[in-house]
Amino acid sequence: MKQKYLPLTATILIFVLSYALCVGQYPNMLSTRVIGNLLTDNAFLGIAAVGMTFVILSGGIDLSVGAVIAFAGVFLAVVLEQGGVHPLVAFAMVLAITTAFGALMGAIIHYLEMPAFIVTLAGMFLARGMAFVLSIDSIPIKHPFYATLKGLYYKLPGGGRITLIGGVMLLVFAFGILVAHRTRFGTNVYALGGGTATAKLMGVPVASTTVGIYALSGLLAGLAGIVFSLYTSAGYSLAAVGVELDAITAVVIGGTLLTGGSGFVAGTLVGILIQGLIQTYITFDGTLSSWWTKILIGLLLFAFILLQKGIIRISRGDRQHV
Amino acid sequence: MTATVKTYLGRLLPQLIVLAAIVFAISMVFPGFLNLQIQNGRLYGSLIDILNRGAPVVLLAIGMTVVIATKGIDLSVGAVMAICGAVAASLITSGHSLLETLFATLAVGILCGIWNGFLVAVLDIQPIIATLVLMVAGRGIAQLITEGAILTFNDAGLIFVGSGSFGWLPMPVVIWLVFGVLVALLVRQTALGMLIEAIGVNRQASTLSGVLTPVLLVAAYVLSGLCAAIAGIIAAADIKGADANNAGLWLELDAILAVVVGGTSLLGGRFSIAASVLGAIIIQAINTGILLSGFPPEFNLIIKAAIIVFILVLQSPRFRSAFTFLQIPRAAGKPTEREAK
């Protein structure tokens with residue numbers, strides 16, 4: 001088997017094994033309902049994590065994701081409840097704003113040669129600040145169209161439901177996999193992650209790719225915001241705090257190297273599912289406190305980093321022998 | 001000696017100008033801003049308040065500067081603050097003496113630093129992920145210690161650390177002043193500072209030329225953990241309780257920002273602890289200034305973001321090279337001096 005598939009395989013194996021362990025203890029967990037809920041509950045996180053995967057593949061980082069989700073939610077709530085705009089128009093507005101916001105951050109990172117970490121940190125303050133300016137209250141969204149959207153689902157055998165937002169997440173992952181492996185943009189992202197100087201020498205358009213990556217992350221964060229507002233039926237400027245860290249964790253657990261250049265979008269989906277599974281298990285158990293989630297995810301993160309280190313060391317050793 | 005003072009002031013000049021401009025701007029909007037008075041043998045006033053409120057970020061920034069100088073980053077300091085606050089509160093409420101509590105808490109901070117340093121120096125993991133582990137898990141550990149509740153305490157000694165005063169100054173200010181001076185002396189009066197910069201510039205080259213890279217790397221993260229422990233004690237003593245969820249939340253970002261505003265590059269190498277402390281005070285001055293000047297608090301984050309972007313754009317290499325022809329000779333001399341190093 002090719003070395004580059006090792007982290008992904010390990011992630012999938014761990015997911016299957018831990019799911020089997022969970023089922024062994026609580027047979028009820030083996031139902032399409034649990035799987036449906038897993039997808040629905042983590043839909044916004046998954047969509048944001050796809051954007052994060054591209055950013056990390058290129059060797060960057062985007063800390064603004066959670067704040068952008070909150071901004072999108074508040075913006076939707078204000079526009080729908082006070083502006084009387086149709087939700088579809090509002091969705092388009094949100095996506096346009098967040099994409100432009102991401103593109104602006106990408107442009108600053110590239111043209112002013114500033115570290116992505118700091119630029120997106122400022123972006124995080126800015127987006128959260130804009131959400132505060134729009135409203136500091138939690139605004140419920142009562143538009144009838146929202147109820148219609150929430151009522152849409154695809155029924156699985158066994159009573160499980162893939163809701164609209166769960167389905168959207170799966171579509172976004174399919175789209176992400178396609179972009180990463182079947183388009184020139186995707187190849188450029190991988191090249192950029194391998195090293196900016198090398199990429200430039202190979203003729204990769206570094207400027208447009210960098211702007212494109214952060215614009216894509218902004219777009220997907222906006223979409224995640226829409227999904228989040230559908231999920232909670234409200235807009236609140238303090239919502240989705242720390243989602244960027246969950247997304248980064250999912251990407252790393254999914255087998256993508258934080259140094260960039262190596263990883264898979266599909267791995268991120270499994271990373272999301274593992275995080276969701278830990279939460280579901282703790283809910284099923286009932287006696288464990290919720291803070292175990294954080295500790296377990298931290299341990300898992302550590303285990304994966306070690307695994308990746310080991311793989312890199314082995315592959316280096318191989319090269320030396322050759 | 002005068003030459004040293006001059007280069008030192010030259011290094012701190014941009015931060016001092018920004019701070020002066022911010023203080024001036026606030027005092028225009030809020031006339032009583034510069035007033036200082038002595039009550040009950042202690043200084044009171046908005047300026048002192050800035051120094052006092054900024055204590056946790058200043059402390060974190062001191063440790064963060066050294067870590068960033070090694071080309072690292074420590075994302076876990078906020079979580080370590082929460083852990084140490086929880087440890088201090090649970091020890092003091094279970095009847096341990098103040099000294100025992102303080103030493104145990106500092107030891108926990110040092111342990112967290114050793115863990116981070118071990119991951120970075122021995123396992124050779126990228127610092128941003130290595131410290132992400134403790135950042136994610138740390139808050140869980142803190143909650144495990146406090147058992148999910150906010151642990152309150154009323155031990156006069158521990159509370160004194162957060163709200164007492166020594167001489168004319170509030171205790172937190174005294175602590176960060178003394179600690180900052182100690183660390184600055186330690187790295188600048190010995191070769192340690194230079195060796196740390198060497199690691200930041202090129203870790204492999206430093207190792208090859210005989211620098212004990214792993215030891216120094218671990219030491220840098222230990223210092224950061226120690227700073228976080230002190231900041232955690234101050235934060236807990238300030239509210240007379242340990243809040244595992246909110247203590248030190250997002251302060252790692254403020255600390256990193258303070259270091260960057262202080263002009264230390266995230267790419268490692270040359271660093272200045274004094275400049276980072278100034279950076280932290282600039283951030284706190286912005287926060288306090290926005291509150292005092294009566295802007296609606298909703299605008300806080302936007303104004304903060306705008307000021308930070310402005311400072312960072314001024315520092316960006318591309319911007320500097322585009323405007324070199326506008327620079328006055330003295331300022332133009334600075335980059336060359338930097339290149340010479």
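**Helix packing, overall form and chain contact in a predicted model**

The axes of helix H3 (residues 55-69) of chain B and helix H13 (residues 273-292) of chain B come within 9 Å and cross at roughly 145°. The structure described here is a predicted model. Two packed helices are described by the angle between their axes and the distance between the axes. The crossing of H3(B) and H13(B) is right-handed. On the side of H3(B), the residues that take part are Val57(B), Val58(B), Ala61(B), Ile62(B) and Thr65(B). Their partners in H13(B) are Ile273(B), Ser276(B), Val277(B), Gly279(B), Ala280(B), Ile281(B), Ile283(B) and Gln284(B). Sorted by class, this contact of H3(B) with H13(B) has nine nonpolar and four polar residues, and no charged residues.

Along the principal axes, the C-alpha atoms of chain B fill a box of roughly 65 × 55 × 40 Å. Of the 341 residues of chain B, 47% count as buried. Among contacts in chain B between residues at least 6 apart in sequence, 78% join residues at least 24 apart.

A single residue gives a local view of this chain. Leu43(B) lies in strand E2 (residues 42-44) of chain B. Leaving aside residues up to four places away in sequence, Leu43(B) touches Leu36(B), Ile38(B), Ile48(B), Trp168(B) and Leu169(B). The C-alpha atoms of Leu43(B) and Val161(B) are separated by 17 Å, and these two residues are 118 residues apart along the chain.

Attention now turns to where the two chains meet. The contact takes 34 residues from chain A and 34 residues from chain B. On the side of chain A that touches chain B, the elements that give two or more residues are helix H6 (116-134), helix H12 (243-253) and helix H14 (291-321) of chain A. This side of chain A has 25 nonpolar, five polar and four charged residues. One of the contributing helices, H6(A), has 19 residues and reaches 26 Å from its first C-alpha to its last, close to the 27 Å expected at 1.5 Å a residue. H6(A) is mostly covered, with 16 of its 19 residues buried.

Notes. Residues numbered from 1 in each chain as written. Chains lettered and ligands numbered in written order. Predicted model: local features only at pLDDT ≥ 70, side-chain atom pairs only at ≥ 80, totals over all residues. Contact = placed C-beta atoms within 7 Å. Helix = DSSP H or I, 4+ residues; strand = E, 2+ residues; numbered from the N terminus. Nonpolar A, V, L, I, M, F, W, Y, C, P; charged D, E, K, R; others polar. Buried ≥ 20, exposed ≤ 12 C-beta atoms within 10 Å, placed from the backbone. Expected span 1.5 Å × (residues − 1). Axes fitted to C-alpha atoms, helices over the stretch in contact; angles between N-to-C directions. Left-handed = near helix turned anticlockwise from the far one by under 90°.
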